[in-house]
Amino acid sequence: MTKLLDAPQQPKLPVRPSMPPARRLGATIRNLMTSPKYGPVIVTAVLFIAVFVIGGVRYRGFFSGQVFLNLLVDNSYLIVLAVGMTFVILTGGIDLSVGAVVALSGMIAASLLQTGWSPSVVIPLLLVLTSVLGLLVGLMIHVFKVQPFIATLAAMFLARGLCYMVSQSSISITDPVFVSLAQTRIPLGGNLSITPSVIIALIVVAIAVWVLHSTRFGRTVYAIGAGEQSGLLMGLPVARTKVLVYVISGFCSGLAGVLFTFYTLSGYPLTAIGTELDAIAAVVIGGTLLTGGYGFVLGSVLGVLVLGVIQTIITFEGTLSSWWTRIFIGALLLVFIILQKVLTARRR
Amino acid sequence: MSALFARVVAHRLFWPVVMLLVLFLINLIAFPGFFTVTIRDGHLFGSLIDILRNGAPTLIIAIGMTLVIATRGIDLSVGAVCAISGAVACSIILGSSEPGSLSTVAVAVAVALLIALVLGVWNGFLVAVVGVQPIIATLILMTAGRGIAMLITEGQILTVNSPPFKFLGSGFWLGVPIAVLIAAVVFAVAALVTRRTALGMFIESVGINPEASRQAGVRARGLLVVVYTFSAFCAAIAGLILTANTAAADANNTGLFIELDAILAVVIGGTSLAGGRYSLVGTLVGALVIQTLVTTVYTVGIPPIATMVFKAAVVTAVCLLQSPTTAEALRGFRERLAVRAGKGIAAS
Amino acid sequence: MPRTRTPYSQNRVGPGGRIRRRMPRDRPADDSMESTVTNHTDPPTAVVEMRGISITFPGVKALDDVDFRMFPGEVHSLMGENGAGKSTLIKALTGVYGIDAGTITLAGDQVSFSGPAQAQAAGISTVYQEVHLLPNLSVAENIMLGREPRRFGSIDWRAMRRRSAQLLAGLNLDIDPGSLLGDHSLAVQQLIAIARAIDVQAKVLILDEPTSSLDTDEVAELFRVIRSLKEQGVAILFVSHFLDQVYEICDRLTVLRNGKLVGEYLTEELLRIDLVQKMIGKELTTLDDLEQRARSVVVDESDASNFVNAARLGRRGAINPADLPIAVGEVVGLAGLLGSGRTELARLLGGIDRADSGELTIRGKATKLRTPRQAISNRIAFSSENRRDEGIVGDLTVRDNIVLALQADRGWFRPIPKKRQDELTQSYIQALHIRPGNPDALVRNLSGGNQQKVLLARWLAIAPGLLILDEPTRGIDIGAKAEIQKLVFNLAENGMSVLFISAELEEVLRLSHRVVVLRDRHVVADLENDGLTVDALLALIADGSVEADDADAASGTSGARDAVLGASETSDPLTIDNVPGGRR
């Protein structure tokens, strides 16, 4: 609309009064901290660093690169789960089925490998299966207007039940490919190493960041979270996007299941109970608004790391029992939800 | 005649009752003695009694959940509250010098219920005063609650040897299991208090149209606190029954997934998750459907483990039947039928 | 003036300064128009031509056989009160609603859009009344999303920012395209929405209440943009309830009332007073006897007998400080257009919104109303104009709906005995002729008129000292309307104070002892209803301050007690409305 550019030179509408540089910096920081978009992520980052530093001061050997890398190694499957969950929560939905789907994909992988299937068939098959499950959930939510909570609850029951149908006891995995993937350490020099799972998780994160930031689909995800109606009126593909986020979450759950079997080298129907809560907590602590619209995949990764570092500290402490983890997670959730509440209320 | 039939079909309890009857029928075919109730040692015995007794905790929680859901809310923390109340009661009994005395048990039960009331007020406070979405507000306690229970039991499974406590879970009075009696009392109290006072009307009114209710002078805030407190109270009672039944407090497994069963019972009973009109009788039917389903799976000889798959099927079926999309499709179908019938008449 | 003030429009002007429309189908007989001019003789063809549009929602005919057209290079205004069908017509044009009957032609081709995206692609851009943008995304995205520039499958952020910066500069708006939309004021957001709309090479630009959150400078800026677009031949639909703005920018008007077309007119040939009259409508009087009786009632006006007295009561962004005394047994009518502050003032008295300035005295006692509940315990009942969202509780029974407020006032633990509930319900069903007369029927299944009666019953059940009725007769059939009017009158005779709001001035005049006129969120007149005429009220409602003298004269001749209040304060309505966030 360049034709409008020959507008008469009128004083521009004052939008922000100009400030001296020092105060402007202060204002920028204040603005960032109180923005519903960046505020919670910044708080999470500060929290992570603080906890890590406290750990370093208190415990010998905590302040090492490998402790940090182990956070990634131990939680690579959770990172992948949190990525999928981020898509869903950004649209204002929720996916309760992820823990059960992790267990299911582990079970199917273990039992198929046991009967001699090749991993090159098993892994793609799993990813297709869990994506289809996600698709069904998405259709139930979008077409039949079932609440995400209930639809994914049904999927959770289904997946957990199917786990038991596959086998009621643990199946160990002896497939050479899986075993080697589980045991390979990729050296990073200086006694530091990571696992292939970490690389896979980081690739997933990178793709998710690109999709959310730079594709119409990604921006539509954010748009739905802010207002489905507005998105529709702007002519965005709301229906397709709403279904697709559950497909993505299903795919990520399947992949997380595979990574989890790399970690445990077995399939067990009772694994990953409550993992959906960890994934939701990581996403929320990572600064994604549970009502949708605000949040970053990298925030969720940070959320997973915060959960991981708390667990590590509890391990290092020795005297603290593991159940403190749950209480800490609950308390963190509370703090972040109230923080979000305050930030969004202030903005309105 | 057909008008009567139409009215019966249109009744909101029609499908749940049909489902229950179908389950009964399957049982009767698989196990002809299904309806037989005998008296052994002065106690009632039989499959129906088992269904009632095993279904009592779910029913009790579902009653509290019904009222929460009627206000457009949800309470995810009930399972955790179960675990906490069981842990509190058991640790008090274990800590006392006379674990078998009636007064010890009375104190233990009273303290457990009191703590549950506090937890309920906390949930209500987050929802009504802070204004956090119910699903998120109760997620906090759901996550932290089991950690708190573990803290109380110090990570152990607390086994108590206290006949009066055990009586709560597996005792009989006048031949009827105590658990069933407690459930009946809770049901009667909930029905009387909400229907004989104006509480029920206010709950429905707030659930249907919060703004109209506010303008009519209904105080939603207090109402929500009461409802969440009642839900936690119900959860604590159920937790005590579950714990007493096994005479052991297991912070990890007491009431695991019971929130999902309870929500399911409410939904099957025809109370919409969108809030509004509720039916305690419907919830009763819903809880019975779930428990009968579990029992059926046993009697028919399917591995009990597959129950979850059936639950998933039931949730899906109920949701799809209640979906507005389905209703519209059915209406369209009926209209087309009518048109065709009309044409037929015209042709003849 | 652009060339679009066409000879065509001159053709259409009838003797009375009105444009008569020739439609190819039969019109009602009262349409005494010259029927000689036919469409194909009009030189510029309409870019939008909607004919015989009807849309029915469950229970309501939202649009009934409405014709509407727009010409390129012309600013067209759609005028009408609440429920006239403006928004519905716009949504029919933009594909949000499907139409039940009629045709829509765009640039000569018949179209039927299945969604806003299609309409947008066809060249119809819309800026909705509520800002339908995404506060969580950047300004640039809000302008460009849906047609964002892409490179290798990814969004080209730099091109997007550049393009939006250009568009914003075109609007003289100096903001960072990368900033979050939610960080900007409502006024800036509104301009961003317009930037989005003009980015597409639109044939038709629809602006639904675009100025409600803008201040004078911003409105001037917007009008400059509108004129610039107009010169480029864009057809612009401008909806606003600020008459000054309509008269400043619009070339042509279409007036709707109750879902029906009233007519299409040239702005410069339609007097404001005539416009307001057409928007509000005149209805045959069926209750003439009431008028006589109303005037014979003598109300004691000493301060002591005031049931409520509002002194400089106001709320930022809703209503400027206003005085409103209401005596015991007095019916006070509030007259004014939609958005004039009539509802907003009533909401303060009913405790629905909190006042942030002024004082309220109830029965001689200074009181602050923080919640509706407090108002109810002070025996003030407020019946909202928004029956569906703020009135009925649809899934509850007639009985529950009637006893709700009374029960809430008593508290939950003191239930009204079932027998008493039934008596109450039965007595109101009979007194108000609620149909069906079944106390167990769900209220959502009742007709609009009967729902309104149920609400009246709810409020009467608390035995209010002051009953506030906001548009109680809107959208209900004539019989129910007459019954409600009669009821209001009887209540006042029995000593109840009533604050009565209606867009129908006849109704206000028929029932009220006093009429308070609002314009642009100010009380502009407080008149004794003694020989007051509809025309005098219309003059007060319609005229800007320029014609305030006329209004004064009009009210003077009609025997008004008070002079026009504060006319000078309202010289510029825009300065009053520049408080953002006024909309809830």
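Two strands pair if DSSP finds at least two bridges between them. Helices (H or I, at least four residues) and strands (E, at least two) are DSSP runs, numbered from the N terminus. This is a predicted model: local features need pLDDT of at least 70, side-chain atom pairs count only at pLDDT 80 or more, and totals for chains, interfaces and linings use all residues. Residues are numbered from 1 along each chain as its sequence is written, and chains are lettered from A and ligands numbered from 1 in the order in which they are written.

**Strand S21 of chain C**

- S21(C) and strand S22 (residues 522–528) of chain C pair in the antiparallel sense over six bridges.
- The two strands form a hairpin with two residues between them. In the turn, C:Asp520 has a positive phi of about 50°.
- Strand S15 (residues 331–335) of chain C pairs with S21(C) in the parallel sense, over four bridges.
- C:Arg514 has C:Glu528 as its bridge partner in S22(C), and C:Val332 stands opposite C:Arg514.
- Six of the six residues of S21(C) (residues 514–519) are buried (20 or more other C-beta atoms within 10 Å of their own, C-beta atoms being placed from the backbone), so the strand is largely enclosed by the rest of the structure.
- C:Arg514, C:Val516 and C:Leu518 point one way, while C:Val515, C:Val517 and C:Arg519 point the other way.

**Chains A and B**

- In chain B, 35 residues are in contact (C-beta atoms, placed from the backbone, within 7 Å) with 35 residues of chain A.
- Helix H6 (134–153) of chain B gives the largest share of that side, 11 residues.

Notes:
Contact = placed C-beta atoms within 7 Å. Buried ≥ 20, exposed ≤ 12 C-beta atoms within 10 Å, placed from the backbone.
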